Structure formats: C-alpha cells, structure tokens
Amino acid sequence: MKNTRCGYIAIVGRPNVGKSTLLNTIMDQKLSITSKKPQTTRHQLLGIKTFNQAQFLYVDTPGIHSNEKKAINRYMNRNARSVIRDVDAVIFVVDRGSWNKEDDLVAEALAGQAGQLIIAVNKFDLITPRNRLLPVLEKLQARFPEAEVVPVSALKGENIEQLETLIEKRIPYSEFYFPDDQVTDRTERFMVAEIIREKLMRQLGDEVPYAASIQIDRFERTENIVHIVATIFVERAGQKAILIGAGGKKLKRIGIDARVDIEKLLASKVMLTNWVKVKSGWSDSERALKSLGYDPV
Ligand code: GDP
Ligand code: MG
C-alpha cells in the first residue's frame with residue numbers, strides 16, 4: 001500500500017458564502033478571485049496543496065444558484081453538479097446565520113454523497129457571543145447525521161487546520177497526480193484575466209461586471225517586464241461608457257489595481273493595456289461563451 005494520499009475535494013455552496021475565500025486561505029495565497037458580489041467565480045479552478053504525505057486537489061466551483069435563465073448560469077450550475085460526482089470529499093460551505101432556498105438546492109445536489117460530506121459553517125467570526133453557534137451546528141448535524149460539521153472563518157483563518165485534518169482522512173492512498181511544487185492547473189494568462197475581472201467586480205456597480213468578460217490578446221515575457229494586452233468585452237455601449245468612466249478614470253483605476261496583483265502573481269514588472277469592446281449578448285449565447293473559454297461540461 002502506498003503511504004501517500006492524493007484526492008479531489010470539491011468546495012460547493014450557494015453564491016457568496018465564502019468558497020473562494022476558503023480556498024485562498026487553505027492555499028495560503030490568492031488563487032481564486034473574490035468580491036462582495038454573488039457569482040464572482042465563473043470558472044472552475046484547481047488549487048493544488050502538497051504537504052507531508054498528502055496532495056489535496058481543491059476544486060473551487062461557481063456557486064449553484066436558482067436563476068437558470070441565462071446560458072452563463074446554466075453553465076455554472078452544470079459545472080458545479082458534475083464536479084460533485086467525481087470527487088473524494090465535498091466541503092459544503094454554508095453561512096453561519098442563514099439557510100435559504102439556494103442552500104436547499106445545493107443539499108439536493110449532494111444527496112447520496114453523505115459519507116464524504118464536510119459542512120463548513122463559515123463566517124463564524126461574525127457570531128457573538130460564540131455560544132450562539134451551538135444551535136446552528138446542532139441543527140445542521142441533525143439534518144446531515146453522517147456529515148462532519150465544523151465552524152470556520154475563511155477570512156480570519158480560524159479552524160482551517162481542523163478542517164484540513166477532516167479532509168485528509170477522506171482522501172485515498174495514491175501517488176501524487178501533480179508535481180509537489182505546482183499550485184494550480186490554470187495558466188498564467190487565465191489567472192491574469194481573472195485578476196482583471198476581480199477588479200471590475202470590485203470597482204463597478206451591479207450591472208456591468210456581470211456583463212463583462214476578459215480576453216488576453218498579448219502575453220509576452222521579456223527579461224525585465226511582462227507585456228499584457230487585454231480586451232474587456234461588455235454587452236452594450238452604455239456599459240462601455242460606465243466602465244471607462246469620466247475621463248477614463250474608472251478603467252485606469254481598474255488597470256492600476258490589476259497590475260499590482262499581476263506583478264505579485266508573475267513576480268515581475270508588468271505593462272498592462274486594457275481595451276474595451278462591445279460584443280452584444282455574449283453571456284446569453286452558448287457559442288459566444290465557448291469562444292471566451294467557458295468549456296461545456
Ligand atoms: P463565494 O461566492 O462563495 O466564492 O464567496 P467569496 O469567497 O467570494 O466571499 C464572499 C464575501 O464573503 C466576500 O466579501 C468575503 O470577504 C466574505 N467572507 C468570506 N469568508 C468570510 C468569513 O469567514 N468571515 C467574514 N466576515 N466574511 C467572509
Ligand atoms: Mg467564488
């Protein structure tokens with residue numbers, strides 16, 4: 001029998017409960033973009049963590065949610081559901097305070113997975129006094145008797161080791177699937193596009209970010225600097241105007257914030273140029289989604 005372990009762990013839950021924050025905390029670095037807005041995560045991303053004798057392959061999924069009208073939402077739901085079927089363990093992230101219909105949807109998708117289920121009750125830093133947490137945990141345990149229930153704070157990094165211990169027990173003995181220094185399966189280009197999207201989500205109001213998609217047109221590493229040219233696609237001319245902002249200020253801010261993070265990611269100076277183009281209806285067309293890199297599942 002092998003003495004190393006290796007396996008896949010899905011991080012699932014309704015939008016905005018803190019799945020991506022949890023992944024970043026577990027990974028000790030920013031892999032997955034986060035914001036206060038729901039549906040920040042659109043693509044599936046693997047976080048690879050190797051320590052001691054175990055390799056953990058974390059899959060951050062776009063949240064499962066109830067609005068299936070748009071193609072992009074259907075894509076995200078399909079994606080999350082298909083991931084759940086193929087993993088060794090599932091972390092079901094819920095918010096400490098509220099349980100709603102969308103949590104029910106996730107719970108339904110998880111039926112049959114009871115034995116490998118770990119419920120992470122997130123944001124418990126927001127509960128005071130802490131003994132208010134007990135009834136929440138008991139209720140969840142009663143509803144999911146076979147699951148492990150553990151309170152965590154993804155943001156403050158509390159109880160994360162305990163969570164990882166629970167996960168480790170559930171992943172099988174196996175050789176490592178990836179080199180032990182690799183941290184993700186995604187390319188640098190992909191990570192760069194995601195960072196730009198995060199800054200859009202954080203800088204703009206509600207409508208525009210969901211209508212935006214990023215394409216990297218140039219990515220060229222020279223000895224001292226990485227040259228990057230990106231195009232941000234939006235659906236309407238009005239959105240383009242909002243994104244650029246008066247005197248180009250908004251786009252400039254987004255570009256500066258993105259460059260700081262990209263320089264960290266690539267450990268290099270970066271020259272970033274952003275263009276904005278209108279491509280109407282991209283988020284509601286399966287074909288346009290494919291052309292922007294959303295693989296059908
Ligand atoms: P996702 O949609 O499930 O991936 O959620 P995100 O990771 O993008 O997080 C959504 C929001 O919740 C962000 O504003 C996070 O900063 C916040 N958040 C995540 N985890 C915690 C936590 O443990 N405590 C608190 N107070 N906020 C959190
Ligand atoms: Mg997310």
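Visitor: Which residues does Glu-263 touch, not counting residues up to four places away in sequence?
Guide: Happy to start there, with the reminder that this is a predicted model. Glu-263 has its place in helix H9. Leaving aside residues up to four places away in sequence, the residues it touches are Ser-268, Lys-269 and Val-270.

Visitor: Does Glu-263 count as buried or exposed, and what is its relative accessibility?
Guide: Buried means under 20% relative accessible area. Glu-263 falls under that cut-off, so it counts as buried, at 18%.

Visitor: What covers the buried residues of H9?
Guide: Let's begin with the buried residues themselves: Leu-251, Ile-254, Gly-255, Ala-258, Asp-261, Ile-262, Glu-263 and Leu-266. Their cover includes helices H6 and H8, along with strands S7, S8 and S9.

Visitor: How many Å apart are the end C-alpha atoms of helix H9?
Guide: Helix H9 runs over residues 249–266, which makes 18 residues.

Visitor: Which residue just after H9 takes a positive phi?
Guide: Look just past the end of the helix, where phi is about 50°. The residue there is Ala-267.

Visitor: How much of the area that ligand 1 exposes when taken alone does the protein bury?
Guide: Oxygen atoms of ligand 1 lie 2.8 Å from a polar backbone atom of Asn-16 and 3.0 Å from a polar backbone atom of Ser-20. A polar side-chain atom of Lys-123 is 3.1 Å from an oxygen atom of the ligand. Taken alone, ligand 1 exposes 590 Å², and the share buried by the protein is 89%.

Visitor: Which helix gives the most to the shell around ligand 1?
Guide: In total, 17 residues surround the ligand. By class, they are five nonpolar, eight polar and four charged residues. Three residues of the shell come from the helix that gives the most, residues 19–27, and that is H1.

Visitor: Where is Lys-123 found?
Guide: Lys-123 has a positive phi of about 65°, although it is not a glycine. Its relative accessibility is 23%, so it counts as partly exposed. Lys-123 sits in the loop between S5 and H4.

Definitions and conventions. Residues are numbered from 1 along each chain as its sequence is written. Chains are lettered from A and ligands numbered from 1 in the order in which they are written. This is a predicted model: local features need pLDDT of at least 70, side-chain atom pairs count only at pLDDT 80 or more; totals for chains, interfaces and linings use all residues. Side-chain values use heavy atoms; hydrogens and water are left out. A residue is near a molecule or strand if one of its heavy atoms lies within 4 Å of it. A polar contact is a pair of N or O atoms within 3.5 Å; within protein, one must be able to donate a hydrogen and the other to accept it, and residues adjacent in sequence count only if both atoms are side-chain atoms. Accessible areas come from the Shrake-Rupley method with a 1.4 Å probe; for residues, only the protein chains shown count as cover. Helices (H or I, at least four residues) and strands (E, at least two) are DSSP runs, numbered from the N terminus. Ala, Val, Leu, Ile, Met, Phe, Trp, Tyr, Cys and Pro count as nonpolar, Asp, Glu, Lys and Arg as charged, and the others, Gly among them, as polar. The expected span of a helix is 1.5 Å times one less than its number of residues. Buried means under 20% relative accessible area, exposed over 50%, partly exposed in between (1.4 Å probe, protein chains only). Contact means heavy atoms within 4.5 Å.
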